[in-house]
Amino acid sequence: MRWESRSAETADCLTCAHSCQMPLHPGWYRRRLRELACAVQERADVLLIVMNDACYGVIKNIQDADYDGRHAYVQLTTPNFSQLCASLNAPHYALSAPSQTASILAAALKQPGPVMVEVDMPAWGEFAVKFAGPPRKTH
């Protein structure tokens, strides 16, 4: 699986090493926490990349575009992923700047078993173009 990113270097780093890389929204844990525990138990070589914007970013962008910025149900209470990983004895890396990408991914990919890299999306800054859902028909 390849992570689509603003950095070709990041994408290239993610196409190697671990047998599976999974880019995730911070809301994934609400449905997939047991799968992380199972991955730890089974020592699955998986790299979990949490794109943590502390909200449902795409839904927020849709609400900005379609409802004049009125937001409903997009702000999340997000867990401390470092503590979550520590509770499962899984490595966690915080990625707060694009310049750290190569070194953090290199370190994470050397770890056996499941590893989480948490990307602090607000620290990375705004995207040039906000994704606000699929294209719409305009009649």
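The structure holds zero disulfides, a disulfide being a pair of cysteine sulfur atoms within 2.5 Å. This is a predicted model, in which local features need pLDDT of at least 70 and side-chain atom pairs count only at pLDDT 80 or more, while totals for chains, interfaces and linings use all residues. Residues are numbered from 1 along each chain as its sequence is written, and side-chain values use heavy atoms, with hydrogens and water left out.

Cys 55 has a relative accessible area of 6% and is buried. Buried means under 20% relative accessible area, exposed over 50%, and partly exposed in between, with a 1.4 Å probe and protein chains only. Cys 85 is also buried, at 0%.

Next, the loops. Most residues other than glycine have a negative phi. Arg 43 is not a glycine, yet its phi is positive, about 55°. Arg 43 sits in the loop between helix H2 (29–42) and strand E2 (46–52); helices (H or I, at least four residues) and strands (E, at least two) are DSSP runs, numbered from the N terminus. Arg 43 is exposed, at 69%. Asn 89 has a positive phi near 60°, lies in the loop between helix H4 (81–87) and strand E3 (92–95), and is exposed at 70%.

Last, the cores. A nonpolar core is a set of buried Ala, Val, Leu, Ile, Met, Phe, Trp, Tyr and Cys residues joined through side-chain atoms within 4.5 Å. The largest has 14 residues, and those touching the most other members include Leu 47, Tyr 93 and Val 117. Helix H5 (101–109) is among the elements giving two or more residues to this core, and H5 gives the most, four. A second, separate core of 10 residues includes Leu 36 and Cys 85.
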